[in-house]
Amino acid sequence: MSDDKPYIGAIDQGTTSTRFFIFDKKADMVAMHQLEHRQFYPQPGWVEHDPIEIRDRMYEVITHTLQKSAINPRELAAIGVTNQRETTVVWNRKTGRPYYNAIVWQDTRTGDICRDLSENGDMWCFRDRVGLPLSTYFSGPKIKWIMDHVDGVKADVASGDAVFGNMDSWLIWWLTGGPEKGVFATDVTNAGRTMLMNINGLQWDDIMLRKMNIPASMLPEIRSSSEIYGYTDKNGVFGAEVPVAGDLGDQQAALFGQTCFDVGDAKNTYGTGCFLLLNTGEKPVQSNFGLLTTPAYRIGDQPAVYALEGSIAIAGSLVQWIRDNLGIIKTSEEIEERAREVEDNGGVYFVPAFSGLFAPHWRGDASGIITGLTHYASRGHLARAVLESTAFQAREIFEAMEKDARVRLNDLKVDGGMTRNELLMQFQADILDVPVIRPKNMETTVLGAAYAAGLATGFWKDFSELRRHWGKDRTWTPAMSSGKRDALYKGWKKAIVKSCS
C-alpha cells in the first residue's frame, strides 16, 4: 500500500445509530462520529426505521469525521461496511425511494407468515437448506409482508423496479451512485440472514424463493465479504472514488474484529441484543440445540468460513427500557450503581421476551416477565435482575454451542458497550465458570469491517498481521461456588418456563 493512502474507513450502521471510523495501519482509531436515528413503534411488536434518515445519517457522520480528522478522502485506501442484519428495505431502483419504512430485525409482525410456511408446524423444516428456523427475525418473511401489504410493490416487483436489501445493500448502493450507477450487492453473511440463501451453495435458493413468492430479480448479487464491490461516487459525500471493499453483518464483523480465525474461537457481543458466535470452520454445522448455522465470513475467492450463532433479542435495550419506561435509573451507566446496592438478586428474575425468545428456545409466543417479587425486593434487586438476565441467556447459548460443536469452550472473548459494566462481566464469568476476556480495542464490529476492506486492497497483508493488533485489556475469572451457580441458574430456568406458559 502506497504511503499516500495511510488510512482506512468503516461505516457501522447499527440498530440505534450510525457511525463512521477512520483507522490507521496499526488499527488505532484516528477519528469517528456517531448519530442516532429514530425508532418507530406503530403497533405492539412492530419496530421500524426510516431508511432515508439512516442514509442521511451516514452522509453526516462521514462528513463530520473527515472534518474532525482533517483527512483528505483520497488518503483512504478503502471503505468497509457493517450493519444491523435482517432489517429489511424494499425500494425503487429508478427513484431510490423506499416503498415502506425499514422493518427492523426485532419486529414480530410476520409471525403468521412464518407459521403458514412451516411444514406440520415444524419451524426448523428448512434448516438443511438455510441453517435457520422460520422466525420473524429474518428478512425473507419481511419482504413477503411488504409485497403483500404495501400498495404498488407487487407491480413494481414484476416490472423489475422494486428491489430488496438489508442495510448493507441499501448503503452500498447509495455510496456507489444510487439510481444512476449504484452497485447492488450483498455479502454471504448478510444474505445468510434472509432465509433465502442456500447455506451450502451460498446462492439464492430457488425453493425458498418459490415458497415466499420472491423473485430472484429483486435480490442483490451475493459476493464475498472482502473484495472491491465498486467505488464511491466522486460527486458524493467523499468527493473522490474510494474503493468500497468490505461488507459484513455486524455480529460476523465483531467475530472478525476479535480475530476469531481458528475453529473453536468464540466471541459474545453485548449491544442492543446479545450475539454469541463460534467459528466452526469451512463446513456448516447444523445445530441440534436451537442455534443458527450462518456464514462467518468469506475472504475473496477463499472458501467461506461458518459459525454457530446464538441470538438474544434483548440485552442492552432492556437497560434502556427500565431507564425510559420505569425511571429506575436516569442513565444507562447508572444500572451498575443500582445493582451494587444489593448483594444478590433477592430471588428476582427478569425474562425480557419482548420479541419472544430467540436462541436456544425460539418461542415467538413467550412473554416478558418479572418473577420472584416480594416486599423485600428493591430497585437494586430489579437492576441486578436486568443485568443477570443477559448473562443467563448467554449461558444457555454457551451450553448449546458446546453440545453442538462437541468442544469445551475454555474462555469467552467479549465486546460491545455492556462490557464496560464490570458487575455484569464478573457475573458472566461466574455463571459460565470460564474466564471472560475484553480486548483493548472494544470497537471490534467496525474494526472487522475495516479489516475486510483492508485485506481486499492490500492495506493489511494477512490474518497474522491482523492478529498482532489484538490485545487483552481485562480478564474476569470465575469466583462463585458451584452450589450458588447451580441454584441461580435453576431459578432462571423456572422463570423461562413461566415466560413460555
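## Close-up views of a predicted model

**View 1. Helix 6 is largely enclosed by the rest of the structure, because nine of its nine residues (167-175) are buried.** Buried means under 20% relative accessible area, exposed over 50%, and partly exposed in between, with a 1.4 Å probe and protein chains only. Helices (H or I, at least four residues) and strands (E, at least two) are DSSP runs, numbered from the N terminus. The buried residues of helix 6 include W170, W173 and W174. M167 and L175 are also among them. G177 follows helix 6 and has a positive phi, near 130 degrees.

This is a predicted model, in which local features need pLDDT of at least 70 and side-chain atom pairs count only at pLDDT 80 or more, while totals for chains, interfaces and linings use all residues. Residues are numbered from 1 along each chain as its sequence is written, and side-chain values use heavy atoms, with hydrogens and water left out.

**View 2. G80 sits in strand 5 (residues 76-83).** G80 is buried, with a relative accessible area of 0%. Its contacts (heavy atoms within 4.5 Å) include G9, A10, I11 and G246, not counting residues up to four places away in sequence. A449 and A453 are also touched by G80. L248 is 168 residues from G80 in sequence, but 8.3 Å away in space, C-alpha to C-alpha.

**View 3. Strand 2 (residues 17-23) and strand 3 (residues 29-36) run antiparallel.** Seven bridges join them; two strands pair if DSSP finds at least two bridges between them. S17 has E36 in strand 3 as its bridge partner. Five residues lie between the strands of this hairpin. There, A27 takes a positive phi near 65 degrees.

**View 4. The largest cavity has a volume of about 60 Å³.** On a 1 Å grid over the protein atoms alone, a cavity is a set of points where a 1.4 Å probe fits but cannot get out; a pocket is an open set with protein on both sides within 12 Å along at least five of seven lines; lining residues have an atom within 4 Å of a point. Grid points are joined across faces, edges and corners, and a volume is the space filled by probe spheres set on the points. The structure holds four cavities of 30 Å³ or more. Among the residues lining the largest cavity are S311, F358, H361 and E396. Strand 16 (305-312) and helix 12 (379-405) each supply at least two lining residues.

**View 5. The second largest pocket holds about 380 Å³ of space.** Of its 20 lining residues, R115, T136, R363, G364 and D365 are the closest to its centre.
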